[in-house]
Amino acid sequence: MASAAVRAQVAAKWQESFNRLNRNEPGISGLMTFSEAWTLAIEFLKPRDLSDPAPPKQYDLNKVRAAFGVVGECRRLPVMMEVFLEDMRKSQHLITREVEAYMTLYESNSDPEAIRSLVYRLVEWYNAWKPTADLGPTMISAYTLAFQTHIFSVLPPSFARGIKAVVSATLQRTVSQSQDPQDRVLWQAFDTLSLIDRYETLIASIGYEFIESYVEETCAGKWSEPVLATLRAWMVDKIVPWMLYPFARGATNADEAKTMMQGVGSRFDFHMHKTLCNLRTKEIFDIIVDFPDSAGALHDLKECLARVDQRADLVQALRQANNKRLLHPGADTKDILTHYVSTIKCLRIVDPPGVLLFKVADPTRRYLRDRPDTIRCIVASLVGDGESGDSLVDDNDPIQPLQQPEMENYSDPEWNPEPIDAGPDFRASKSSDVISTIVSIYDTKDLFVKELQVLLAQRLLAVKDGNFDRERRNVEILKIRFGEAALQVCEVMLRDMTDSRRIDQHVQSQKASSMHPTIISRHFWPALESSDMVMPGQFQILQEQYAKEFSVFKPDKVLRWLPHLGRVHLQLELEDRTLEADVPPLEAAFIELFSEKDVWTIDELVLRSGSVNRNAAVKALATWVDMHVLKEDSEGVFRLLSVAEGPTSRSRLQAPKPETGELPPVMSVQQQQAEQMRMYWKFIEGMLTNLGSLPLDRIQSMLKFAPGYDRTAEQLGSFMEAARREGLVNVKDGMWRLGK
């Protein structure tokens, strides 16, 4: 039963197939018609060799279409497609042969025309073997896939290099507006072979590289004006027309092209911003140096960073440039401060919240904090005493009080959260005052106030015409910044200078004197340089007479002379000449002693002048030797030249060259701190003697009980390190002990 059923089923299927092929015609006439149609269709579709010189066989297209119709009616199109594809696979060696020939030619001469010719030839093969549209899209799609799969498998790696050269040439022609009409045909050929889809990344990279080279060529070193608008216009005029070929193919109008290019256009725009951002990041150090002339580049950089997230790269590049070109011993502190101020202003343009400034400035702030002359440079700039005449502050900027850090006010309706890339230590600064930012390098403003007092003292003592308007104006400005309480001592110093002139006028009215001392309040002025010098002869008499008249006018005050400070104007009357000289007091004291006798030794002069420094004595004598008033007869023995000797006379002691500036008579803050630390050394020495080895923090905690001690642990550590270099102490594993 089962076998009979199977036979019956097979017979039914066979009859059904026969009827479909015979198309229900009598006998086998329908089958014969199908056989003829099949033979014609297969013969028509069979791939031919394009290199065959024989002319191709001509077919009646109407008969071919009828044959395709018969095959279709018999539902044999899928089978015919398989036969066609198999025939095509057997003929693929023809394509492979030509690909190898063209690529061999290209690899021998690197001429992109070989690649262009190969593409056109492949399109010829594709069109020659392509089935007619009558067979439907399915068969055409299958053929296209098989054809492209084969050519992609036989194209060597060097083909990509050739495609890049050909596409680059089309871009160059488009940009230079010298387009070749064949370019459109070439892009259509690329589309036919699906080369655009396969090499889309390569084609995009050609555009990227062209943008990079253009930005580097036209924007490098040009910072005065923004260039982003110009670059965008260039992209629209030059790059977008070229992009229409590969990325908007098939568009029938501008709206369709815009829609098709939306994604790739955004990528090209992003790359343009990224390229400019990379360029400005590489130039950021020089841009800051050139500020404010480079403001245009900063505005471009701000816009680029909003489009391209490369803030971390900018921070890293600027920190590396600062470490290499700025933060080293060869850079002057004033230059570092000037660059830091420019950095503050520039990064506030690029990033108003201040996150970039916070990350970039930290190494610079730490380096400036460790430099001993930083405070002095800042203070000198505040009072307009910079050596170069440049100020860290723009004169047009409003004068503001120093801004103190504020706690977050979350009830403020204008409060905004910190930026996402802000670190845990970041605090947004609402102040635009540069001076507040600079002063915040240090934990307290007291250091600046002390340095202000020192600098003001030096400038007041240097005034000779009695005009203190400039210093008084500076004090008033500094009151606004630091507060009146912090500048009270400076007010006393100014008042002392005014009172000193008034006192001198009164003393001169009572008894005229050639001496005009500056009288100051010792408790309100920074410590002045001390000396054991004593003025001899008529100078001492003048001091005593002046002190006597002063005590009559101010009976509750006593003068303590500092004879080594100031200047003395002398008129020397010798036998054959009269000289005038404006010299320091030590020189005046020495020449006064020569009025007693003509020959002195250095040791005698030093002893009579109050045991002054021997080097200072040699320098003072060299001044008179250089003026041919004294002569060194032997080593350390000097004689007064009452009568000038001939010009050929030579002295063994050579006078030093005049110095450009004298040492300030006011002790600097560092000198004052060093003097105070020498006093605290006795406390430290007693601790280490009685308690043995101690860590630094223990020494610091015990020194806080000493009167007037206000040093930080870092300052104490620096002092102990200096004492170690002198051999006073030793340190091991953080434990300090007295040196042996």
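**Figure 1. A buried cysteine, C304, in the predicted model.** At a relative accessibility of 1%, C304 counts as buried. The model shown here and in the following views is a predicted one. C219 is likewise classed as buried, its relative accessible area being 2%. The cysteine sulfur closest to that of C219 belongs to C304, and the 9.5 Å between them is too far for a bond. C304 takes part in no disulfide, and the nearest cysteine sulfur to its own, that of C277, is 5.5 Å away. The number of disulfides in the structure is zero. A disulfide is a covalent bond that links the sulfur atoms of two cysteines.

**Figure 2. The chain as a whole.** The secondary structure of the chain consists of 31 helices and eight strands. The chain has 740 residues, of which 41% count as buried. Among contacts with a separation of 6 or more, 69% are made by residues 24 or more positions apart.

**Figure 3. The packing of helices α6 and α8.** Helix α6 spans residues 112–129 and helix α8 residues 158–175; the two pack at an angle of about 100°, and their axes are 9 Å apart. Angles of 65 to 115 degrees count as roughly perpendicular, and α6 and α8 are therefore roughly perpendicular to each other. On the side of α6, the contact involves P112, I115, R116, L118 and V119, which meet F159, G162, I163, A165, V166 and R173 of α8. By class, the residues of this contact are eight nonpolar, one polar and two charged.

**Figure 4. The hairpin of strands β1 and β2.** Strand β1 (residues 568–573) and β2 run antiparallel and are joined by six bridges. Four residues lie between the two strands, which form a hairpin. Within this pairing, Q571 has E580 in β2 as its bridge partner. In a regular strand, side chains alternate between the two faces of the sheet. Strand β2 (residues 578–583) has L579, A581 and V583 on its covered face, while T578, E580 and D582 lie on the uncovered one.

**Figure 5. The open sheet of β3, β5 and β4.** This open sheet is formed by three strands in the order β3-β5-β4, with antiparallel pairing. Its edge strands, β3 (599–601) and β4 (630–634), each pair on one side only. On average, and with direction ignored, neighbouring strands of the sheet are turned by 35° against each other. Strand β5 (residues 637–640) runs antiparallel to β3, and three bridges join the two.

Figure 6. Strand β8 (residues 735–738) and β7 run antiparallel, with four bridges between them. K732 has M735 of β8 opposite.

**Figure 7. The loop residue E283.** E283 lies in the loop that separates α14 (262–282) from α15 (284–290). Residues under 20% relative accessible area are classed as buried; E283 is therefore buried, with a relative accessibility of 11%. Leaving aside residues up to four places away in sequence, E283 touches A220, G221 and W223.

Figure 8. S342 belongs to helix α18 (residues 333–350). With a relative accessible area of 13%, S342 is buried. Although S342 and I287 are 55 residues apart along the chain, a distance of 9.5 Å separates their C-alpha atoms. G466, by contrast, is in a loop, the one between α22 (446–462) and α23 (469–482). The relative accessibility of G466 is 22%, which makes G466 partly exposed. In sequence G466 and M497 are 31 residues apart, and from C-alpha to C-alpha they are 8.3 Å apart in space.

Definitions and conventions
Residues are numbered from 1 along each chain as its sequence is written. This is a predicted model: local features need pLDDT of at least 70, side-chain atom pairs count only at pLDDT 80 or more; totals for chains, interfaces and linings use all residues. Side-chain values use heavy atoms; hydrogens and water are left out. Buried means under 20% relative accessible area, exposed over 50%, partly exposed in between (1.4 Å probe, protein chains only). Two strands pair if DSSP finds at least two bridges between them. Contact means heavy atoms within 4.5 Å. A disulfide is a pair of cysteine sulfur atoms within 2.5 Å. Axes are lines fitted to C-alpha atoms, for helices over the stretch in contact, and angles run from 0 to 180 degrees between N-to-C directions. Angles under 35 degrees count as roughly parallel, over 145 as roughly antiparallel, 65 to 115 as roughly perpendicular and the rest as oblique. Ala, Val, Leu, Ile, Met, Phe, Trp, Tyr, Cys and Pro count as nonpolar, Asp, Glu, Lys and Arg as charged, and the others, Gly among them, as polar.
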